[in-house]
Amino acid sequence: MLFSIIIPMYNLENYIQETLNSILQNDLSDCELILISDGSIDKTVEVAEALLKEKCPCYYAIIKKENTGVSDTRNQGIKLAKGKYIIFCDGDDFFEPDLLGTLRKELANDIDMAAWPYYILQEGKKKISQVNSQNAIYDSAQMMRLHLLEGYRMRLGSFAIKRECLTQAEIFFIKECTFAEDMEFIMKCILHAEKIQWIDKPLFCYVKRQGSLVNT
């Protein structure tokens with residue numbers, strides 16, 4: 001199995017269907033979907049289950065647990081994953097239709113990590129995260145500099161990391177961290193990836209949603 005896609009869910013009954021449909025537009029033949037409901041009290045699980053039962057061509061699992069926060073939820077996904085590479089997608093963001101197809105071509109070099117620009121969708125307006133980049137393979141130090149100083153921005157959903165990199169270095173999200181936990185995790189991933197492919201193509205859409213955790 002090539003990809004494990006980890007999707008945390010918390011009270012997203014109005015958003016999860018569109019997110020999953022964006023993932024289902026991709027070729028999922030060598031993928032698994034791991035959806036974890038972090039104590040949702042609405043119909044998120046029922047909506048997701050009905051859609052995947054009807055349309056999903058690959059293995060998927062929907063796990064329900066008590067509310068322990070998104071960091072712990074993603075950590076559980078990492079522990080359950082069996083794919084060679086892990087990709088994260090929050091339950092209200094979107095994959096572009098060619099994300100996985102593009103990745104399969106780029107991962108032929110057996111790289112440790114791949115990253116790409118992303119779209120930002122806010123109040124119906126869509127813009128790209130950054131535009132002055134080029135396809136290239138970088139080492140850890142080069143990528144860290146580009147990420148911090150040169151505008152090669154990453155967020156969860158705009159990179160894939162080899163699962164082996166996470167397990168060998170015991171890289172997880174800090175459970176108690178509830179804000180900017182993605183930034184801390186991304187930097188740990190960069191530090192432990194020796195070979196990183198930057199793909200100069202936006203393959204993911206981050207939705208700035210009013211009422212989301214980061215905006216409240």
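Reader: Which residue in β4 is the bridge partner of F3?

Author: In this predicted model, the bridge partner of F3 in strand β4 is Y85, where strands are DSSP runs of E with at least two residues and helices are runs of H or I with at least four, both numbered from the N terminus. Residues are numbered from 1 along each chain as its sequence is written, and local features need pLDDT of at least 70, while side-chain atom pairs count only at pLDDT 80 or more and totals for chains, interfaces and linings use all residues. Side-chain values use heavy atoms, with hydrogens and water left out.

Reader: And how do β1 and β4 pair?

Author: Strand β1 pairs with β4 (residues 85-88) in the parallel sense over four bridges, pairing being taken as at least two DSSP bridges between two strands.

Reader: What about β1 and β2, how many bridges there?

Author: Seven bridges link β1 to β2 (residues 31-38), again in the parallel sense, and I6 stands opposite I34 of β2.

Reader: Is β1 buried or exposed?

Author: Seven of the seven residues of β1 (residues 3-9) are buried, so the strand is largely enclosed by the rest of the structure; buried means under 20% relative accessible area, exposed over 50% and partly exposed in between, with a 1.4 Å probe and protein chains only. Both faces are covered, with F3, I5, I7 and M9 buried on one side and S4, I6 and P8 buried on the other.

Reader: Changing topic, what is the strand order in the open sheet?

Author: The order is β5-β12-β7-β8, with mixed pairing. Strands β5 (94-95) and β8 (125-128) stand at the edges with a single partner strand each, so one side of each has no neighbour in the sheet.
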